[in-house]
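Please walk through this fold strand by strand, then turn to its aromatic side chains. The sequence and the model come first.

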Amino acid sequence: QVQLVESGGGLVQPGGSLRLSCAASGSIVSINAMGWYRQVPGKQRELVATITSIGSTNYADSVKGRFTISRDNAKNTVYLQMNSLKPEDTAVYYCNAGVLVSSGSYYYWGQGTQVTVSS
């Protein structure tokens, strides 16, 4: 069993910053790609950023230059530094990870953390 636990969401004013964290725990052999997605009510979940086990990154066009994804492999943790936040960044942010366990490779999701950008 693998758990992903997110933290760091909250309310921030436009132009502000937040840092999200997601820690994976459980019967983990190794973790491949990790990523952040977000979802607003009535819309599909969308990719924000991903990072491979060796640090290659990919970003949605809407967050390039403002968000930075990073990871600490020793801690099985992925981070999302969000700067210059805009009201349209308001969403529930979900962590995702491709995890190798003894029975095979699976994708896991966190429970989500709310980010609200508002004055």
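**Strands, turns and rings**

Four strands make an open sheet in the order E1-E3-E8-E7, and their pairing is antiparallel. This is a predicted model. Strand E1 (2–7) and strand E7 (67–72) are the edge strands, as each pairs on one side only. On average, neighbouring strands of this sheet are turned by 15° against each other, direction ignored. Strands of a sheet pair through backbone hydrogen bonds, either parallel or antiparallel.

E1 pairs with strand E3 (residues 18–26) in the antiparallel sense, over six bridges.

Most residues other than glycine have a negative phi, and most peptide bonds are trans. Asn-76 has a positive phi, near 50°, and is not a glycine. Asn-76 sits in the loop between E7 and E8. Its relative accessible area is 24%, so Asn-76 is partly exposed. Ser-84 also has a positive phi near 50° in a residue other than glycine. Ser-84 belongs to the loop between E8 and strand E9 (91–101). With a relative accessible area of 43%, Ser-84 is partly exposed.

E4 and strand E5 (residues 46–51) pair in the antiparallel sense, and five bridges join them. Arg-38 has Glu-46 in E5 as its bridge partner. The two strands E4 and E5 form a hairpin with six residues between them. Gly-42 lies in that turn and has a positive phi of about 85°.

E5 also pairs with strand E6 (residues 57–59), again in the antiparallel sense, over three bridges. Here the bridge partner of Ile-51 is Thr-57 in E6. The hairpin of E5 and E6 has five residues between the strands. Gly-55 in this hairpin takes a positive phi near 95°.

Which aromatic rings pair up? The structure holds two aromatic pairs. In one of them, the ring centres of Tyr-37 and Trp-109 are 5.1 Å apart and the planes stand at 65°, so the pair is edge-to-face. The cut-off for that class is an angle over 60 degrees. Where do the two residues sit? Tyr-37 lies in strand E4 (residues 30–39) and Trp-109 in strand E10 (residues 104–109), so the pair ties together parts that are 72 residues apart in sequence. At 40% relative accessibility, Trp-109 counts as partly exposed.

Tyr-106 and Tyr-108 form an aromatic pair that is edge-to-face too. Their centres are 6.5 Å apart, with 70° between the planes. Is each of these tyrosines buried or partly exposed? Tyr-106 has 38% relative accessibility, so Tyr-106 counts as partly exposed. Tyr-108 counts as buried, because its relative accessibility is 19% and buried means under 20%.

Finally, look at Arg-45. Which ring faces does Arg-45 lie over? Arg-45 lies over the face of Tyr-94, at 3.7 Å from the ring centre. Arg-45 also lies over the face of Trp-109, at 4.6 Å from the ring centre.

Note on methods: Residues are numbered from 1 along each chain as its sequence is written. This is a predicted model: local features need pLDDT of at least 70, side-chain atom pairs count only at pLDDT 80 or more; totals for chains, interfaces and linings use all residues. Side-chain values use heavy atoms; hydrogens and water are left out. Rings of Phe, Tyr and Trp (its six-membered ring) pair if their centres lie within 6.5 Å; planes under 30 degrees apart count as stacked, over 60 as edge-to-face and the rest as tilted. Buried means under 20% relative accessible area, exposed over 50%, partly exposed in between (1.4 Å probe, protein chains only). A charge sits over a ring if NZ of Lys or CZ of Arg is within 6 Å of the ring centre and within 35 degrees of the ring normal. Two strands pair if DSSP finds at least two bridges between them. Axes are lines fitted to C-alpha atoms, for helices over the stretch in contact, and angles run from 0 to 180 degrees between N-to-C directions.
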